[in-house]
Amino acid sequence: MNKLLNVSGSPHVHSDDSVQKIMWSVVLALVPAFLVSIFYFGLPVIILTCVSVGCCMLFEYLIQRFIMHVEPTITDGSAAVTGMLLAFNVPANLPIWMLVIGALVAIGVAKMPFGGLGHNPFNPALVARVFMLISFPVAMTTWPVPTPVWGFADAVTGPTPLGILKESANLDMSQMPTYANMLLGQMGGSFGEVSAIALLIGAGFLMWRRIISWHIPVAFILTVFVFSGIFWLIDPTQYASPFFHIFTGGIILGACFMATDMVTSPTAKSGMLVFGCGCGLLTIIIRLFGSYPEGVSFSILIMNALVPLINKGFKPKTYAK
């Protein structure tokens, strides 16, 4: 019996890469968006990111050391990735104590109770974000106006483009940031999601390193483009263009960095396409017809729950079968 093989939890890496290399590569891929966020929102970005990463690593260490009684694995980078993604999903003026609670939920509720990395069914950063959004709705939806600063962000707050769209009876694009501003990051929102170009640079790096594949991001973004485009063609005075939906909110951050999580996404390529399409469709349904202006977090978590079913339905064929 001692000779039986023990199969660890996913991700199962079949290359020279290790979990540690993969996770720290994801951290590196998030650096461009992090730098742009510092440019627009200032010192709070650094403080919140350091607090989030530090708390996630601390909570994981304490739980593994004193509750699970196993060797701590905080050096593998997974807790750091969770901390960065959690920080990227909050406003730059969020009170620090709320982020500490979010980090505790991410690690202590969404990750470690299931056995740690490779066993959690839901993306920990998104579980924490949704918890914070429901628990602290005012703080989580109060957005500082992005202004290039060197210090603390301006205390002036304003709505996000999606918030304006949700609250307006008729679409008025004159109230919206230009597409150039959307690409560069000069608009309201969670500080890590505002710059489309910076996020795409990071995603390109991960694809070049073959850490993620194109299937989920392309399926996610293309589905958002198609379905938002249909409504835009039906009534452009009420519905925004598909480019607006892609470049605002958390579409690119979610599609490239959270929906592609190896642990909580399907294993087969066909399953990844279904997963990405489901995320995109649910996002547009929530954005257009739900009470929240944004639906990325909810859509990814819902599809996370369907991953076991997708894996069963879209298994790759056994060789020679």
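Glu167 belongs to helix α8, which covers residues 161-167. The model discussed here is a predicted one. Because its relative accessibility of 68% lies over the 50% cut-off, Glu167 counts as exposed. Along the chain, Glu167 and Pro293 are 126 residues apart, yet a distance of 8.7 Å separates their C-alpha atoms.

## The largest cavity

Three cavities of 30 Å³ or more are found in the structure, and the largest of them holds about 300 Å³ of space. Its lining is made up of 22 residues, of which Met23, Val81, Leu85, Asp261 and Met262 are the closest to the centre of the cavity. By class, 15 of the lining residues are nonpolar, five are polar and two are charged.

Three helices, α1 (19-29), α4 (78-88) and α6 (124-135), each contribute at least two residues to the lining of the largest cavity, and the largest share, four residues, is supplied by α4. Residues of the lining come both from domain 1 (21-135) and from domain 2 (160-313), and the largest cavity therefore lies between these two domains.

## Aromatic contacts

Across the whole structure, a search finds nine aromatic pairs. One of them joins Phe88 and Phe191 in an edge-to-face arrangement, with 5.9 Å from centre to centre and 65° between the planes. This pair links distant parts of the chain, since Phe88 is in helix α4 whereas Phe191 is in the loop between α9 (179-184) and α10 (196-208), and the two residues are 103 positions apart.

Are the two partners of this pair buried or exposed? Phe88 has a relative accessible area of 0% and is buried, because that value falls under the 20% cut-off. Phe191, also with a relative accessibility of 0%, is buried by the cut-off of 20% as well.

Elsewhere, a single aromatic cluster is formed by Phe225, Phe243 and Phe247. A ring also takes part in a contact with a charge: the charged end of Arg65 sits over the ring of Phe66, at 5.2 Å from the ring centre.

## Points to keep in view

Definitions and conventions: Residues numbered from 1 in each chain as written. Predicted model: local features only at pLDDT ≥ 70, side-chain atom pairs only at ≥ 80, totals over all residues. Heavy atoms only, no water. 1 Å grid on protein atoms, 1.4 Å probe; cavity = no way out; pocket = protein on both sides within 12 Å on 5 of 7 lines; lining within 4 Å. Points joined across faces, edges and corners; volume = space filled by probe spheres on them. Nonpolar A, V, L, I, M, F, W, Y, C, P; charged D, E, K, R; others polar. Domains from an automatic or database assignment. Phe/Tyr/Trp six-rings, centres within 6.5 Å; stacked < 30°, edge-to-face > 60°. Buried < 20%, exposed > 50% of the residue type's maximum accessible area, 1.4 Å probe, protein only. Lys NZ or Arg CZ within 6 Å of the ring centre and 35° of its normal.
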